[in-house]
Amino acid sequence: NSGKSEWIDALLMNLSKNHGWGFALCSLEKTPDKHAIQLIEKCKDKPFYDRWDYDCQVVKDGERLVSGKVDRMSEGEVLEGLRWINDRFQIISNVGNDFPTIDWILDKARSAVLRHGIHGLVIDPYNEINHARPRDMNETEYVSIMMSKVKRFAQMYDVAVWFVAHPRQQQAWTGGAPDMYCISGSANFVNKADNVIMV
């Protein structure tokens with residue numbers, strides 16, 4: 001893992017703080033409470049739990065004494081951050097729905113548009129979605145249809161959609177950075193996307 005989810009959360013936080021955007025988050029690898037903690041930490045720029053910062057060290061007379069402890073946020077800061085997050089982020093939870101389909105996710109996102117006026121949707125990651133495709137359809141065809149559904153949703157509701165996908169396993173990797181066509185699943189992620197960001 002190279003921090004794709006953390007990167008997208010930081011981007012969303014900046015868009016929300018600087019432009020007032022609201023979001024629906026379908027983060028299939030995180031529980032809603034864990035994701036809320038991570039968002040509050042970004043909102044308040046403080047850790048939720050006590051943490052030691054080994055890069056922040058006290059040095060006296062050229063001798064390293066102790067590592068610096070980073071103070072966690074107070075209860076008041078947690079509650080303030082939680083209120084701020086609740087006003088701007090809608091969590092699409094898959095609790096009780098082991099592997100949701102893209103149709104289920106887009107239906108929940110449509111509700112978030114109509115009820116909360118969201119500006120963006122994050123689906124993270126692709127490989128956790130239920131891909132019950134017909135037997136006579138290959139993955140490339142399936143991804144093409146799925147991406148068309150996502151693009152229609154984005155256009156119909158004027159919503160930006162971020163789709164997090166993992167790179168496929170590199171068989172003969174030589175140490176270089178992967179390119180856009182290394183996304184696991186299909187080249188249609190690149191062919192049908194408006195933009196691709198590699199993290």
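Is Tyr157 buried, partly exposed or exposed? Tyr157 counts as partly exposed, at 23% relative accessibility, where buried means under 20% relative accessible area, exposed over 50% and partly exposed in between (1.4 Å probe, protein chains only). The model is predicted, so local features need pLDDT of at least 70 and side-chain atom pairs count only at pLDDT 80 or more, whereas totals for chains, interfaces and linings use all residues. Residues are numbered from 1 along each chain as its sequence is written, and side-chain values use heavy atoms, with hydrogens and water left out. Helices (H or I, at least four residues) and strands (E, at least two) are DSSP runs, numbered from the N terminus.

- Four strands form an open sheet with parallel pairing, in the order β4-β1-β5-β6, two strands being paired if DSSP finds at least two bridges between them.
- The edges are held by β4 (89–91) and β6 (160–163), each of which has a single partner strand, so one side of each is left without a neighbour in the sheet.
- On average, and with direction ignored, neighbouring strands of this sheet are turned by 15° against each other; axes are lines fitted to C-alpha atoms, for helices over the stretch in contact, and angles run from 0 to 180 degrees between N-to-C directions.
- Strand β5 (residues 120–124) pairs with β6 in the parallel sense over four bridges, and Gly120 has Ala160 in β6 as its bridge partner.
- Helix α3 (residues 75–88) packs on the sheet, where it touches β1 (23–27) and β4, and its direction makes about 80° with that of β4; contact means heavy atoms within 4.5 Å.

**Gln90 in β4**

- Gln90 lies in strand β4 and is buried, with a relative accessible area of 16%.
- Not counting residues up to four places away in sequence, Gln90 touches Phe23, Ala24, Leu25, Ala112, His116 and Ile118.
- The side chain of Gln90 also makes a polar contact with the side chain of His116 (3.3 Å), a polar contact being a pair of N or O atoms within 3.5 Å, of which, within protein, one must be able to donate a hydrogen and the other to accept it, while residues adjacent in sequence count only if both atoms are side-chain atoms.

**Helix α1 and Ser16**

- The buried residues of α1 include Ile8, Leu12, Leu15 and Ser16, and the buried residues of this helix pack against β1, α2 (32–44), α3, β4, β5 and β6.
- Ser16, placed in helix α1 (residues 4–19), counts as buried at 2% relative accessibility and touches Trp21, Phe23, Trp84, Arg88 and Phe89, not counting residues up to four places away in sequence.
- After α1 comes Gly20, whose phi is positive, near 75°.

**Aromatic pairs**

- The structure holds six aromatic pairs, in which rings of Phe, Tyr and Trp (its six-membered ring) have centres within 6.5 Å, with planes under 30 degrees apart counted as stacked, over 60 as edge-to-face and the rest as tilted.
- In the pair of Trp21 and Phe23 the ring centres are 6.0 Å apart and the planes stand at 45°, so the pair is tilted; Trp21 counts as partly exposed at 26% relative accessibility, whereas Phe23 counts as buried at 0%.
- The rings of Phe153 and Tyr157 have centres 5.2 Å apart and planes at 45°, so this pair is tilted.
- Phe153 and Tyr157 are four residues apart in helix α5 (residues 139–157) and are therefore separated by about one helical turn, and Phe153 is buried, with a relative accessible area of 6%.
- One aromatic cluster is formed by Trp21, Phe23, Phe89 and Trp162.
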